[in-house]
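Me: Before I rely on the terms used for this model, I would like to see how each was assigned. Could you take me through them, setting each value against its definition?

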Amino acid sequence: MFQVIFTLIAVVGASVHLACSAERRSSGTVIAETYLRYLLFFYVGLMGVLTAYAHVFRPVETSASIGWSTSPYEYEVGMADLTVGVLGVLCLRFRDSFWLATAIANAVWLLGDAVGHIRQMTLNNNHAANNSGIFLVTEIITPLVVLALALYCHRRKGRVT
């Protein structure tokens, strides 16, 4: 459910920002940057930090919500979430190629997770709330949208060689 909540927070926040700022609506690139900024901070950053907390400090509940047993690897999963989450938060300070690198890291991480969730669904009939359904759809679509926005903004600024 975190996927959906943080995606909505980012999209609504960016939309309000755009509605209140004529400058942020000055071009398609600036609009894309606004949505990307909010997605990187909220969806990648804050969600990554929160899911890190969940995996490290609440592994029993977190694993159960995914339909898995708790494992010593839970801590390592939490550290991977934290790594990507910190990158997302740092996007408030760093821009341009850093945004693209963060979007790539997020896409690799979450799309890889999605493959694992799909395997769990097909091989083990695991349809737990945080393994399938709207969670899985959001886990596939949102990283692709973030990556597409990052590539668009990067190319529009002439930084791809």
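**Terms and the values behind them**

Reply: Helices H4 and H5 pack with their axes 9 Å apart and at an angle of about 155°. The model is a predicted one, in which local features need pLDDT of at least 70 and side-chain atom pairs count only at pLDDT 80 or more, while totals for chains, interfaces and linings use all residues. Residues are numbered from 1 along each chain as its sequence is written, and side-chain values use heavy atoms, with hydrogens and water left out.

Me: Why are H4 and H5 called roughly antiparallel?

Reply: The angle is taken between N-to-C directions on a scale from 0 to 180 degrees, using axes fitted to C-alpha atoms over the stretch in contact. Angles under 35 degrees are called roughly parallel, over 145 roughly antiparallel, 65 to 115 roughly perpendicular, and the rest oblique. The angle for H4 and H5 is about 155°, and the pair is therefore roughly antiparallel. The helices themselves are DSSP runs of H or I with at least four residues, numbered from the N terminus.

Me: Which residues bring H4 and H5 together, and how do they divide by class?

Reply: On the H4 side they are Val77, Ala80, Asp81, Val84, Leu87, Gly88 and Leu90, and these meet Phe98, Thr102, Ala105, Asn106 and Trp109 of H5, where contact means heavy atoms within 4.5 Å. The set comprises eight nonpolar residues, three polar and one charged; Ala, Val, Leu, Ile, Met, Phe, Trp, Tyr, Cys and Pro count as nonpolar, Asp, Glu, Lys and Arg as charged, and the others, Gly among them, as polar.

Me: What makes H2 oblique to H5?

Reply: H2 (residues 28-57) and H5 (residues 97-124) pack at about 50°, with 11 Å between their axes, and this angle makes H2 oblique to H5. The contact draws on Glu33, Leu36, Arg37, Leu40, Tyr43, Val44 and Met47 from H2, and on Trp99, Thr102, Ala103, Asn106 and Leu110 from H5. Eight of these residues are nonpolar, two are polar and two are charged.

Me: Which term describes H1 and H2, and why?

Reply: The axes of H1 (residues 2-20) and H2 come within 8 Å and cross at roughly 150°, and that makes H1 roughly antiparallel to H2. Among the H1 residues that meet H2 are Phe2, Phe6 and Leu18, and their H2 counterparts include Ile31, Tyr38 and Leu50. This contact has 16 nonpolar residues, seven polar and no charged ones.

Me: How do you know whether Glu33 is buried or exposed?

Reply: A residue is buried under 20% relative accessible area, exposed over 50%, and partly exposed in between, with a 1.4 Å probe and protein chains only. Glu33, which belongs to H2, has a value of 7% and is therefore buried. Leaving out residues up to four places away in sequence, Glu33 touches Arg24, Arg95, Trp99, Cys153 and Lys157.

Me: Why is Leu87 called partly exposed?

Reply: Leu87, a residue of H4, has a relative accessible area of 23%, so it falls in the partly exposed class. Apart from neighbours within four places in sequence, Leu87 is in contact with Phe98, Thr102 and Ala105. The C-alpha atoms of Leu87 and Asn106, 19 residues apart along the chain, are separated by 9.0 Å.

Me: How do you know that the buried residues of H3 line one face of the helix?

Reply: In H3 (residues 59-66), Thr62, Ser63 and Ile66 are buried. Their directions down the axis fall within an arc of 95°, so they line one face; the arc is that of the directions from the helix axis to the C-beta atoms. Val60 and Ala64, on the other side of H3, are exposed, while the buried residues pack against H2, H4 and H5.

Me: What is noted about the phi of Asp96 and of Asn125?

Reply: Most residues other than glycine have a negative phi. Asp96, in the loop between H4 and H5, has a positive phi near 55°, and its relative accessibility of 29% makes it partly exposed. Asn125, in the loop between H5 and H6, also has a positive phi near 55°, but at 59% it is exposed.

Note on methods: Helix = DSSP H or I, 4+ residues; strand = E, 2+ residues; numbered from the N terminus.
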